[in-house]
Amino acid sequence: MALSDRLNLVNPSEIRKLFDLAQGVEGLISLGIGEPDFDTPEHIKEYAKEALDKGMTHYSPNAGLMMLREAVSKKLKEQNCIDADPKNEIMILTGANQAFLMGLSTFLRDGEEVLIPGPMFVSYGPAVVLAGGKPVEVPTYENNEFRLSVDELEKYVTEKTRALIINTPNNPTGAVLTKGDLEEIADFAVEHDLIIFSDEVYEHFVYDGIKNHSIASLNGMFERTITVNGFSKTFAMTGWRLGFVAAPSWIIEKMTRFQMYNSTCPVTFVQYAAAKALEDERSWKAVEKMRREYDRRRELVWKRLNEMGLPTLKPKGAFYIFPRIRDTGLTDHEFSELMLKEAKVAVVPGSAFGKAGEGYIRISYATAYEELKEAMDRMEKVLMEKGLV
Ligand SMILES: Cc1ncc(COP(=O)(O)O)c(C=O)c1O
C-alpha cells in the first residue's frame, strides 16, 4: 500500500522517548514533564459542570463561543495592552499548540523559512515542516541569559524568511525577553517584513518582580503578530485542551476555515468554564498561589544545582531550569540516561530542544517541593560517586 510520507518528515519528540524508557522504573522521580502538578481550581470545574447542566453540549461557532472571545478580548486589553476585536481578531483553539500549524498554514508557501530561537519548544519545528516550510534555528546563549538577540537573527535571515517564532517566558530555558529586546525584535520584523508568532503561555509565571511583555502591544505590531496563549499553564488546565490566538482579521478568517474542517470547534462546555474563569477573581488568586510555589521551588533547585557543581542560570520565568552539564564530560543524552538508571530521576536532554540545547538538560520544577529535594539529593550522590563534578 502506498503511504503518505509527510509524517515521516517529523520525528517523535525526544521527551516521548524518555517517557518510554522511564516506564517501569520503580521509585522514579520525573522532572521531565512540562505541565503543572496542580489540579484545576475547584470553581473552574464547577463552571464546567454548570455548563453541562445548562445543556451546553452542542457545537459552538468555529471561532469559539462569543462569550469566551469577549472575555479573552478584555483580558488582552487589561493584562497585555492588546486591542483585539472579539468578532474577527480572536479565535479559540483546542490548545495553544494548534496555533502553529494552523497559523503557519494561513500564509506560508512551500520552502519558505521560519526563524526559531533555540533551544525551542518541541512543536515549532514540526509545525513548520508540516506546513511545508523550513525551520531555521537561531541560537541563543547562556552568556546572554538565553535571550534572543537581533545580531544573531541577522545572521540567519534570508530572502526566503517569512516568519519568526518567539516564546517568552521560554520553554525550556526560562528566559524572559525584556521590553527592549522586544522593541529591537519588532524593528527587525518590520525591516524584513516578517510575521511573528508570540507564544506567551507562561506569561503569568515570572519571578523577581519582572513582567512579561507582549510584542503585539508595541506600536503597529498587532498587524503582523499572532499572539498565542492558552489555559493549560495559567489555570492548570492541560487536559481540558483550550487555547486562543489574537491576530489580524485576515489570519483569523483563514485559521477559522482550518478549524472548520479539522476539530470544528473546541469543546463547548470547556469554553464556557474558561470564559467564567477569566472573569472570576478566584482564578487569578489561584494563579498567584501557583506562581509563589513555583518560585519557592525555583530557588531550591537553582541553589542545589549550583552547589552540586552544575553551573545553572537563575531562570526568570516559566517552570523550567536549564543546567549546563557539559563540564561533566558526558553528552546531554548520556547524562539523562545516567540519571534515569542510577539516580532514578528523569530529566530531558537539552538537545531535544534543538542544537543550541546540546550540553544542557531541562528540569521541570512543576513537581512537589519534597520530591524536588529528594531528586537533587539523588543526582548529587550519583555525580559525586562517579567523580563527575
Ligand atoms: C512554549 C509552549 N507553547 C505551547 C504549549 C502548548 O500548550 P497547550 O497545552 O495549550 O497546547 C506548551 C506546552 O508545553 C509550551 O511549553
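Two strands are taken to pair if DSSP finds at least two bridges between them. By that rule strand β11 (residues 348–349) pairs with β12, in the antiparallel sense and over two bridges. The legends below describe a predicted model.

**Figure 1. The open sheet of seven strands.** The strand order is β2-β8-β7-β6-β5-β3-β4, with mixed pairing. The edges are β2 (90–93) and β4 (134–139); each has a single partner strand, so one side of each is left without a neighbour in the sheet. From one strand to the next the twist averages 20 degrees. Strands of a sheet pair through backbone hydrogen bonds, and the pairing may be parallel or antiparallel. A parallel example is β3 (residues 113–118) with β5 (residues 161–167), joined by three bridges. In this pair valine 114 stands opposite alanine 163 in β5.

Figure 2. β2 and β8 run antiparallel and are joined by four bridges. Leucine 93 has glycine 243 of β8 as its bridge partner. Although β2 stands at an edge of the sheet, both of its faces are covered. Ile90 and Ile92 are buried on one side, while Met91 and Leu93 are buried on the other. Helix α3 (residues 66–80) lies across β2 and β8 (243–246), and runs at about 115 degrees to β2.

**Figure 3. The surroundings of the ligand.** The ligand is surrounded by 13 residues. The closest are Gly95, Ala96, Asn97, Gly230 and Ser232. By class, the shell divides into nine polar residues, three nonpolar and one charged.

Figure 4. Threonine 168 is found in the loop between β5 and α7 (179–191). Is this residue buried or exposed? The cut-off for a buried residue is 20 or more other C-beta atoms within 10 Å; threonine 168 has 27 C-beta neighbours inside 10 Å and therefore counts as buried. Leaving aside residues up to four places away in sequence, threonine 168 touches Val176, Leu177, Glu200 and Asn212. The C-alpha atom of threonine 168 is separated by 7.6 Å from that of serine 198, 30 residues apart along the chain. Most peptide bonds are trans. The bond from threonine 168 to proline 169, however, is cis, with omega near -10 degrees. A cis bond also joins asparagine 171 and proline 172, with omega about 20 degrees. Proline 169 is found in the loop between β5 and α7, and proline 172 is found in that loop too.

Figure 5. Most residues other than glycine have a negative phi. Aspartate 208 is not a glycine, yet has a positive phi of about 60 degrees. This aspartate lies in the loop between β6 (195–199) and β7 (225–230). Aspartate 208 counts as exposed because it has 11 C-beta neighbours inside 10 Å. Threonine 264, also not a glycine, has a positive phi of about 75 degrees. Its place is in the loop between α8 (249–260) and α9. With 12 other C-beta atoms within 10 Å, threonine 264 is exposed.

**Figure 6. Helix α10 and what covers it.** Helix α10 (residues 281–307) has 27 residues, which at 1.5 Å a residue should span 39 Å. The C-alpha atoms at its ends are 40 Å apart, which agrees. The buried residues in α10 are Ser283, Ala286, Met290, Tyr294, Arg297, Arg298, Val301 and Leu305. Their cover includes the helices α2 (42–53), α9 (268–278) and α12 (369–385), together with the strands β9 (320–321) and β12 (361–364). After α10 comes glycine 309, with a positive phi near 100 degrees.

Technical notes
Residues numbered from 1 in each chain as written. Predicted model: local features only at pLDDT ≥ 70, side-chain atom pairs only at ≥ 80, totals over all residues. Near = placed C-beta within 6 Å. Nonpolar A, V, L, I, M, F, W, Y, C, P; charged D, E, K, R; others polar. Axes fitted to C-alpha atoms, helices over the stretch in contact; angles between N-to-C directions. Contact = placed C-beta atoms within 7 Å. Expected span 1.5 Å × (residues − 1).
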